[in-house]
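Visitor: Hi, I'm new to this one and would like a walk through it, if you have a moment.
Guide: Of course, and here it is to look at while we talk.

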Amino acid sequence: MALRKIREMGDEVLTKQCKEITKMNLRTKLLINDLLDTMYKAAGVGLAAPQVGVLKRIAVIDVGDGPIVLINPEIIERDGEQTGEEGCLSVPGKYAIVTRPNHVKVKTLTENMEETVVEGEGLLARALCHEIEHLDGKLYIRLAEDGIHDVEDEKE
Ligand code: NI
């Protein structure tokens, strides 16, 4: 297990456009494993490569139904609407209210570089939108509808 340092808001790597993956190699496989390890360790539901300082179009998500790996993902359908709390491992201790589509379809590649479609509703749709935006250098806070709030310290 290899953990990588999560970059935080203010780090300019989070504002850059990521490059498409054209072929799978060992380096990229290791990156995917490290993204998953780092996401689980931080108890997040998603993590994108630029959040660990790598400008590649790769992200991972797990909303509780097992890991999803996204490579060159692209939203091809969106419908419905949901308004709710959203946070980001790169903006620790904060959350905001953000409106997202309630359902999305995403065209992506698998780790074997095969085309597939991932469909998500609710939290998964939110995570898909959020992570894909990281690959275009965008943070969710620009969509905050009622300011940025502090997450209250959880009691033991
Ligand atoms: Ni994020």
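Guide: We will go through the sheets, the helices and a few single residues in turn.

Visitor: What should I know before we start?
Guide: This is a predicted model, in which local features need pLDDT of at least 70 and side-chain atom pairs count only at pLDDT 80 or more, while totals for chains, interfaces and linings use all residues. Residues are numbered from 1 along each chain as its sequence is written, and side-chain values use heavy atoms, with hydrogens and water left out.

Visitor: OK, so which strands make up the five-strand sheet, and in what order?
Guide: The sheet is open, runs in the order β1-β2-β3-β6-β7, and its pairing is antiparallel. Helices (H or I, at least four residues) and strands (E, at least two) are DSSP runs numbered from the N terminus, and two strands pair if DSSP finds at least two bridges between them.

Visitor: Which strands stand at the edges there?
Guide: Those are β1 and β7, and each has a single partner strand, so one side of each is left without a neighbour in the sheet. Neighbouring strands of this sheet are turned by 35° against each other on average, with direction ignored; axes here are lines fitted to C-alpha atoms, for helices over the stretch in contact, and angles run from 0 to 180 degrees between N-to-C directions.

Visitor: How many bridges join β1 to β2?
Guide: Three bridges join these antiparallel strands, and Gly-46 has Ile-61 in β2 as its bridge partner.

Visitor: What packs on that sheet?
Guide: Helix α1 does, touching β1, β2 and β3, and its direction makes about 35° with that of β2; contact means heavy atoms within 4.5 Å. Helix α2 also packs on the sheet, where it touches β1, β2, β3, β6 and β7, with its direction at about 125° to that of β7.

Visitor: And what do β6 and β7 form?
Guide: They form a hairpin with five residues between them, and Met-113 in the turn has a positive phi of about 60°. Strand β6 covers residues 103–109 and β7 covers 115–121, and the two pair in the antiparallel sense over seven bridges; Thr-108, for instance, has Thr-116 in β7 as its bridge partner.

Visitor: Back to α1, how far does it reach?
Guide: Helix α1 has 16 residues and reaches 22 Å from its first C-alpha to its last, close to the 22 Å expected at 1.5 Å a residue, where the expected span is 1.5 Å times one less than the number of residues. Just after α1, Ala-43 takes a positive phi of about 60°.

Visitor: Which of its residues are buried?
Guide: They are Thr-28, Leu-31, Ile-32, Asp-34, Leu-35, Leu-36, Thr-38 and Met-39, and they pack against β1, β2 and β3. Buried means under 20% relative accessible area, exposed over 50%, and partly exposed in between, with a 1.4 Å probe and protein chains only.

Visitor: Why does Asp-34 count as buried?
Guide: Asp-34 counts as buried because its relative accessibility is 11%. Leaving aside neighbours within four places in sequence, Asp-34 is in contact with Ala-2 and Arg-4, and a polar contact of 2.8 Å joins the side chains of Asp-34 and Arg-4. A polar contact is a pair of N or O atoms within 3.5 Å; within protein, one must be able to donate a hydrogen and the other to accept it, and residues adjacent in sequence count only if both atoms are side-chain atoms.

Visitor: What about the three-strand sheet, which order does it have?
Guide: This open sheet has the order β4-β5-β8 with antiparallel pairing, and its edge strands are β4 (82–86) and β8 (149–150), each pairing on one side only. Helix α2 (residues 123–134) packs on this sheet as well, touching β4 and β5, and its direction makes about 65° with that of β4.
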